[in-house]
Amino acid sequence: MLLLNLKVTHGLTNTCFTDILRLLANKILPKDNKLPHSHREVSSIMKDIGMEYKTYDACPNDHILYYGENANLQQCPVCHTNRYRQDQVSKKVPYKVLRHIPLKPRFERMFKCKELAKYMDYHAQGRSQDGVMRMVADSKYWKDIEEKWPHLRNEPRNARISLAMDGVNPFGDLRTTYSVWPVLIINNNLPPWMAMKKEHAMLTLIIPGKYQVKDMDVYMEPLIDELRELWDGVNMYDVSRPVNDRNFLFHAILIWTIHDAPGLSICCGLQTKGKHGCPSCGPKLLHRQSKDLNKTVYDEYRQFLPQNHRYRVRDKHKFNGKEVEMRKPIKMNPARWKAMYDKKEGTCFPLGMKRLSIFYKLEYYENLPIAHLLDTMHIGKNVAECLWKHLNGTNLEAQIKLRKDLRVANIMPNMWLHEDNSYVHAPWNFTSNEKENIISTMKNIRFPSGFGATLKNLFTRDGSEFSGLKIHDWHNWIKYVLPAAIPSTFDHDVTLTIYKLCKYLRWVSSKEIHQDELKYWKRNVSLLMCDIQMCFPPSFFNSQEHYLVHLVEEIEQCGPIHIRTMWLVERYMKVLKQFVRQKARPEGSIVEGYMVFQAMVHLSEYLPQLHIEAPRLWNYNQSQSFEGEKLKGEGTSKRIKDAKEWEALHLYVAYNSDFMLEWMEKYAEQKKLEDENAWTNIYNRYGENTNRGLPASHKRKWPDRCSWNWLKTNIENEETKGQDRVTQQQLNFIKGSINGEVRYYKRMWNFGHHYRIRKVDEKRQTYDCGVSASFEVECRSHANDRQPITSTLRYYGVLEDIIELDFMSFKKVFFRVEWYKLIEVGEEKTILLHNNGFHMINTSRFEATSEPYVFPSQCDQIFLIPNLEQPGWSFVIDYDPRGRRVTFVPDVEDHDLLEDAEVPPEEIDGQDGDDVIVNDAYDQDEDHDEFTEVSEGHDQPHGHQVHEDDEFIDFNLPVVEGGEDYESDGINLFVDLGSINDGVFLPSDEEISCEDDIF
């Protein structure tokens, strides 16, 4: 199998592969070896283990499939075209061949693998209990399905599957029109980080291409029949269960399909362009056919507002002067489309419908709440591209057409075309200076490794335009780059509208959906679209831009989009294209390569040492966790000569590790008792109204040398007495690192983030040294305040060193970070919240802290976007790396999973050296918060580490400058109680009515 994997990976021909087998069998291996001698023998072995597929001939005009009752026909009964080519005499060669890989054998293999089968009911164990949606099982859609069909809920191993398909050019040559249509099945029972991997996506059909498929339903017949069989139930044997519970009746239901807009039209027979181009709204959508723009525009969104909203009647002058009384269109579903089809007259199909899909042959399909999902991947890309086109300005001819259409639509009269074909500058267009500023900002941005393309490399020679952005880059541009780079001189109303749109797209793509955020956007997405309608011309509103108004409802029904998007399909197309070696038969090459790949995946479940392409971080047979930290290179050994720094490293481990928690609590209780006694002595001597504070001996500084001495003394005394309370791990910790040495590294992977120290990062085009962490600190109103308030503060800094300490029985990895100074009030403030939703920080001022250390597991990576209008200031961008796992972890040992970390197999910057894997380089102490270290102001970023959730912003809030002032040991400390993380202000339901313009 390893040889077969090499054949597919490196594109060896069948003859070459046979020669290699014969060479090994006859010349190298012993004479009695059992190695197959030809490629044909290897193929027969694969069939024996269930790795086979079926082929069905098809009419070259896509009229019928020679399947079922048509299996024995020799001619198409519709066009009378022969089934086989007439120019081939020696053998029968069909015109078109459909490859079908059955689903039932793959589910059987899945349940025969113990480590994989137990994840088929993960949705029942891993479902969110805190109201936050993280996977499909958390959605309302999933619960509705279980209520309609209780037998699916009674047996959690029953599969809820999705169908995804897309056309792909197998040759990678844009000059050819050859298009193959692979059909994928996604198993939604699996956790999201497994279901979206190529190893678990099931390729089931390879629809032949070369020309556009006329009727996709013809090729879907074998799959529909198989889905009907799986719905009725098939017998399965689950090896992960006890012996008496292994045999069960397995059911599978198709819950929805995933397409891009053209694929939705071809596969499901619904219109995605023209007058009725929205499958969600159907024929009730308001639209306008623009003769000047020569297209259909969807430029009326007041119908989505509440019936009594002022935009409908009172403020109609802000739009086209017409009142809008039509209600919001009822969301279409399979039942409503079928009812419209049944009422059709003659051969005419209902508005918005091209044909009745073959999926209606599934008995449950008509009762599904939602059958087709919107393609958020292409929606975001098209919105970003259209927005840049309007901001950048169009040519003179397009401007004239656009201004004429404004007069026809009776909107924006000051923007109409004059009689001499002149026009005033539009507020949605950049001036030459504004365009130069935004281009300069984009050229100065440094992204983290793997985040996206370097923008400065995509500009033309004169620097006026940029091109070559991929879909992922367009998403990054509109979500992060544009709101930070837009000039302050740009039109205020248009700027605020762009901020809202970018924030909305960031929320739509988030991996965790909170109920308060969902309610907010559900209430206000129609207002956002109306604001866009007032700020941009009708040319902005195509069908893709219209879909924005439906994304909130779809998220409410189906959950986060990252687990049901076209990203998986598009990435999988690249995998399939790599299997094409015989360009005369691309479909056959794809299916043969896929079967070998699936065989390797299947065998790797039983043989952990068998790696498919590269060593996987996931190991089913060990700790069932991802190794989140991975040091790169060999490192350099050094001694730390400064005793304070040495003690600070050890104390940080003590305050942030479970095995030292008991001793830290004892010290805290003793210190608290000493402080209370000191206060009692002061009150007895000077009275309770005295302004005197604690003596200097009782004020704790960092590093706390007293606590370190106390810790060493007490643990050594306990060990001398022979007490069992002292563990070997605690003794190794007190003795310190081996030989007093530490190892310094230049880079490492940590839960999907790639970090480099600043000294190395300054020489590169990427920015991998940005670090952020949240800590709980105690804030005092004055130095003698005995009732401090606990607050969470977010710190930002630059990574200076990566340090590894070896305590013999375990290892610890630290980041030494130079933190930016954090002052939120006063004239010397160094951080503020911008209206675009990002924090802006002064990068020229750093904290003079004596505690620069932090665990990598407590950190998130950030990057900075410089604000050229305010030198020395930059916008701080927090982001989630691709592949990061966000999940609710139940209190079950088998599902105690960590975050995913995707580490590419190749070296990022070509440095040699063995990788050092740190298995115990982090402590999960998030489950306890009984002890929190008291800090002195902003220069003490230590204590219990907290991860913050992304929220959203009220865009009418001014830049944060006010708040409540506190003092921490004499230092002014600002805590903005109305903002969370990136400036969120969540008004209550009573404070906002439907007719209030929240934005």
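A salt bridge here is a side-chain nitrogen of Lys or Arg within 4 Å of a carboxyl oxygen of Asp or Glu. This is a predicted model, where local features need pLDDT of at least 70 and side-chain atom pairs count only at pLDDT 80 or more, while totals for chains, interfaces and linings use all residues. Residues are numbered from 1 along each chain as its sequence is written, and side-chain values use heavy atoms, with hydrogens and water left out.

**View 1. Arg794 and Asp860 join two strands.** Arg794 pairs up with Asp860 in a salt bridge, with 3.3 Å between the closest N and O atoms. The two come from distant parts of the chain, 66 residues apart: Arg794 sits in strand β18 (residues 789–806) and Asp860 in strand β23 (residues 860–866). Strands are DSSP runs of E, at least two residues long, and helices are runs of H or I, at least four, both numbered from the N terminus. The cut-offs are under 20% relative accessible area for buried, over 50% for exposed, and partly exposed in between (1.4 Å probe, protein chains only).

**View 2. Lys522 and Glu556 join two helices.** Here the side chains of Lys522 and Glu556 meet in a salt bridge, at 3.1 Å from N to O. Lys522 belongs to helix α18 (residues 515–535) and Glu556 to helix α20 (residues 551–558), so this pair too links distant parts of the chain, 34 residues apart. Lys522 counts as partly exposed, at 43% relative accessibility. Glu556 is also classed as partly exposed, at 22%.

**View 3. Glu155 and Arg157 belong to a network.** Glu155 forms a salt bridge with Arg157, and their closest N and O atoms lie 2.8 Å apart. Both residues are buried. What else are they linked to? A network of salt bridges ties Glu155 and Arg157 to Asp121, Asp238, Arg241 and Asp245.

**View 4. Stepping back to the whole chain.** The salt-bridge count comes to 36. The protein chain holds 27 helices and 27 strands, and buried residues make up 57% of its 999 residues. Take the contacts (heavy atoms within 4.5 Å) with a separation of 6 or more: 70% of them are between residues 24 or more positions apart.
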